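Colleague: I am new to this one. Could you walk me through how to read it?

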Amino acid sequence: MKKLILKSILYTFLILITLEGFVRIFHLGKDTPTRFLDEHKVEKWKPNQNGFSVTGNRRQNFSEYHINNSGFNSYREFNPTKEKTEIALVGDSFIEGFHQNYYNSIGKKIEKSIPKIEVYEYGYAGYDFADQLHLIYVYEEQFSLIDHIILGIKFSNDLNRNEYHVVNSRLALESPMNKLLKKSKLLVYAKSIGILDPPQELVYRLINSIKPKTKKKPIDEIEVSRIKEENEKKHLANFENLISKYGYDKQRFTLLLDSRITSDLFLSYLDLNNFNYIDFASSFEASDRPVTLIYDRHWNNHGRELIARLISEYINKKQRL
Amino acid sequence: MLFNSLDFFIFLPIVFILYWFIFYKKLQIQNFYILAASYIFYGLWDWRFLFLILASTLVDFFIGQAIHNNDAKRKKKMCLWVSIIFNIGLLGFFKYYNFFIDSWGDFLTVFGYELKNTWTLQIILPVGISFYTFQTMSYSLDIYYKRLTPTKNFIAFATFVSFFPQLVAGPIERASNLLSQITTKRVFNYTQCKEGLKLILWGLFKKVAIADSIAPIVDDIFANYSDYPASTLILGVSLFSFQVYGDFSGYSDIAIGTAKLFGIELMSNFKFPTFSRNVAEYWQRWHVSLSTWFRHYVYIPLGGSRVSKLKSVRNIVIIFLVSGFWHGANWTFIVWGAIHALLYIPIFLMGRNRIYMNTVVAENRWLPNIKEVVQIFITFLLVTFSRVFFRSESISDAFGFLKQICSDFTYENYQHPLGYRMIDYFILLAVFVLYEFRIRRDERSPFKFKSQIVRFIVYTMVILGMLLFFDDNIDRSFIYFQF
């Protein structure tokens, strides 16, 4: 019996080491850059990091990223001046674009279609509207030199807060324990393909079974629509709070949104108050090809092309005016 | 509790360690412990159906003794019929009740009557009912035919009926094999445990990497067959052949491997049926525990092949139809059985049904000859064709599927429903088939290599294969749980 247990442990250990080697050699697991909180309490990536983002068990999506001096994934450095024309794209993972090669980003596509323009991509996974406006506010000196600022916004997700504060749960990913775990590419790979979900679920199940159970009241349709309406009003109030707190230049700022997932209340508010926005819903809907990746809901190359085209057309139109 | 779930991988080591460290001293304790573990294993799925297992156990335990103790043949026969009626009754109610009601309704409709829907019931099919009822029935039948002396040890008998590694999907054991091991004290055997772990690993690979990874493709093709050309439909049903094989033989390997960990040897259930040279050989290699059950308890009592040719053909038709019906309460399974009867009868009439009984393809060679390759290919085609009925939801779907193959006989590149590269799956299956061919001589030793380094590399590759093809978002239950 002892022999069986010892041999099993030995074999398990050796197999894990070999698998770690395989995952590293074939680059099956993704690299994750290090994040930090800068002097303005803005969460971003540590400058000058390179790596590869991998999606799927068998490297179905493989792309290179490059974190520039400003701490964002981009092929260029951000040096705005009064002389040049610059566009800033500010947003979450869709703008950050780890699922695309950094030299083939939305920004690069826009630069290809509008000569003599520089596009700065301030994308960071998890950024909501508070993060975005706070970033522009604390880096006012830099952003005031940028001619057009496009802010990606998802009404249902990005307006849960009415002011900025540091998201500690995200920064906890940089804890010494997490850093240590990230060193094992096999572990990162296993987590990304979902093989570690059952143990995690088991832990939650156990925790929930210990917690005292509170009976949830069933919610009827009227209640559901009441909650929805309340949330929409809250999100709109948060939007108003954020723009009054951190400032919003209607001339230079433009929202990038999908009207299919945006409340009518918010859209009519934007129209009524002369906020500029680019709606990519009809463009995506009319597309005869898929616009998102197979493995996750981020935009694929075609989706990014469409977004870049819409932004370029919008900027051209604005410049003509 | 699924063999490929985390719950099982927590359950198994705990049960295993306690078994060999604490409960190993006395046979009675060993058996009681295994029985308790088996009831927990089953009860975690649905504890209410434990009473069915207990009822089936009690009935056959006492009937076995009654058959043995009665001298009068009439009384013996009566006792046997009680067992058969009870077990078939359980099956009939839980598995076939709605089928009979629906079929009766359809029959009446032909004559202009209409049966109201209220006759059918919302019944949950208890997992494993087709397996353990057949196992308990075989006990009573063996006693009746004087092939077995009944046990007086109820715990041992209850353990035989509910032994958790094979409780829900077989192999369907005979008392002569399993009960005799349960009534003997097990001692720890390092080699046996090691072999058990290897089989578990290989079974998991077949389930996770082969069956589960191609399941979304098969599901997509069968669900939308009217939208696809012949090339895709042929691909779909061929992949289903691999899926069902990987799924069920994977389950059987894990079951046999798990039993080995507890010092029990279960019978082999799959002997590389992919390399069968005709349909008769296929049935000697596919779901062996079920086909031998039907041979022993249906075919031979009917006269087997010792009667006239005509009666033998009748017997063959009967066992294939019953076998089809055993799989599920649907006409598709009956047609599937009928097709196999039609494929088997010519081989039987030509006297070629036993010619490959004790041999494997390319017996003393590295590679099969051209004749063997052609034979394997034809057998695979025929068996795969029958699986259109096995997989389709209804007879009309099955015929629709075949009609679509004939009417749209064109080729089109198939796109994976989730967009994955199809080439990955073709490479995986090619490697799998070649590897299985390499190990075809011994289904119980999937990693038979002299060199320890080669063995280690293969273990690692097998685990890597599982990681590469693991799919987080699919239903991971076993196909044969529905039977």
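Colleague: In chain B, what percentage of the contacts with a separation of 6 or more is between residues 24 or more positions apart?

Modeller: One caution before the answer: this is a predicted model. In chain B, residues 24 or more positions apart account for 74% of the contacts with a separation of 6 or more. For chain A, 70% of the contacts between residues at least 6 apart in sequence join residues at least 24 apart.

Colleague: How many helices and strands does chain B have?

Modeller: Chain B has 18 helices and 0 strands. Its radius of gyration is 23 Å, and the globule rule gives 23 Å for 483 residues, so chain B is as compact as a globular protein of that length. Along the principal axes, the C-alpha trace of chain B spans about 70 × 65 × 45 Å.

Colleague: And which elements make up chain A, helices or strands?

Modeller: Both kinds occur: chain A has 14 helices and 9 strands. Its C-alpha atoms fill a box of roughly 80 × 55 × 45 Å along the principal axes.

Colleague: What share of each chain counts as buried?

Modeller: To call a residue buried, look for 20 or more other C-beta atoms within 10 Å of its own. In chain B, buried residues make up 41% of the 483 residues. In chain A, 29% of the 321 residues count as buried.

Colleague: Now the two chains together. How many residues of chain A are in contact with chain B?

Modeller: There are 19 from chain A, in contact with 20 residues of chain B. On the chain A side, the elements that give two or more residues are α1 (2-25) and α10 (197-210). The largest share comes from α1(A), with 7 residues. By type, the chain A side divides into 12 nonpolar, 4 polar and 3 charged residues.

Colleague: How do I read a pair of packed helices? At what angle do α9 and α10 of chain B pack?

Modeller: Take the angle first, then the distance between the axes. Helix α9 (residues 190-223) and helix α10 (residues 230-261) of chain B pack at about 155 degrees, with their axes 6 Å apart. An angle over 145 degrees counts as roughly antiparallel. That makes α9(B) roughly antiparallel to α10(B). The crossing of α9(B) past α10(B) is left-handed. Residues in this contact divide into 22 nonpolar, 11 polar and 6 charged.

Colleague: Let me try one in chain A. Are α4 and α11 roughly parallel or antiparallel?

Modeller: Start with the angle again. The axes of helix α4 (residues 129-138) and helix α11 (residues 221-246) of chain A cross at roughly 10 degrees and come within 10 Å. Therefore α4(A) and α11(A) are roughly parallel to each other.

Colleague: Which residues make that contact?

Modeller: From α4(A) come Phe129(A), Ala130(A), Leu133(A), His134(A), Ile136(A) and Tyr137(A). From α11(A) come Phe239(A), Leu242(A) and Tyr246(A). They divide into 8 nonpolar, 1 polar and no charged residues.

Colleague: Stay with α11(A). Is Arg226(A) buried or exposed?

Modeller: Count the neighbours. Arg226(A) is in helix α11 of chain A. It has 12 other C-beta atoms within 10 Å, so Arg226(A) is exposed. Sequence and space can be set side by side here. Arg226(A) and Leu206(A) are 20 residues apart in sequence, and their C-alpha atoms are 34 Å apart.

Colleague: What about Arg455(B): where does it lie?

Modeller: Arg455(B) lies in helix α18 (residues 452-469) of chain B. With 15 C-beta neighbours inside 10 Å, it counts as partly exposed. Leaving aside neighbours within four places in sequence, Arg455(B) is in contact with Phe447(B) and Phe449(B).

Colleague: Last topic: backbone angles. What is phi at Asn48(A)?

Modeller: The general idea first. Most residues other than glycine have a negative phi. Asn48(A) has a positive phi of about 60 degrees, although it is not a glycine. Asn48(A) lies in the loop between β2 (43-45) and β3 (49-55) of chain A. With 11 C-beta neighbours inside 10 Å, Asn48(A) counts as exposed.

Colleague: Where is Asn274(A) found?

Modeller: Asn274(A) is in the loop between α12 (264-272) and β9 (277-279) of chain A. Its phi is near 55 degrees, a positive value in a residue other than glycine. Asn274(A) counts as exposed, with 7 C-beta neighbours inside 10 Å.

Conventions
Residues are numbered from 1 along each chain as its sequence is written. Chains are lettered from A and ligands numbered from 1 in the order in which they are written. This is a predicted model: local features need pLDDT of at least 70, side-chain atom pairs count only at pLDDT 80 or more; totals for chains, interfaces and linings use all residues. Two residues are in contact if their C-beta atoms, placed from the backbone, lie within 7 Å. Helices (H or I, at least four residues) and strands (E, at least two) are DSSP runs, numbered from the N terminus. Ala, Val, Leu, Ile, Met, Phe, Trp, Tyr, Cys and Pro count as nonpolar, Asp, Glu, Lys and Arg as charged, and the others, Gly among them, as polar. The radius of gyration is taken over C-alpha atoms; the globule rule is 2.2 Å times the number of residues to the power 0.38. Axes are lines fitted to C-alpha atoms, for helices over the stretch in contact, and angles run from 0 to 180 degrees between N-to-C directions. Angles under 35 degrees count as roughly parallel, over 145 as roughly antiparallel, 65 to 115 as roughly perpendicular and the rest as oblique. A crossing is left-handed if the near helix is turned anticlockwise from the far one by less than a right angle, and right-handed if clockwise.
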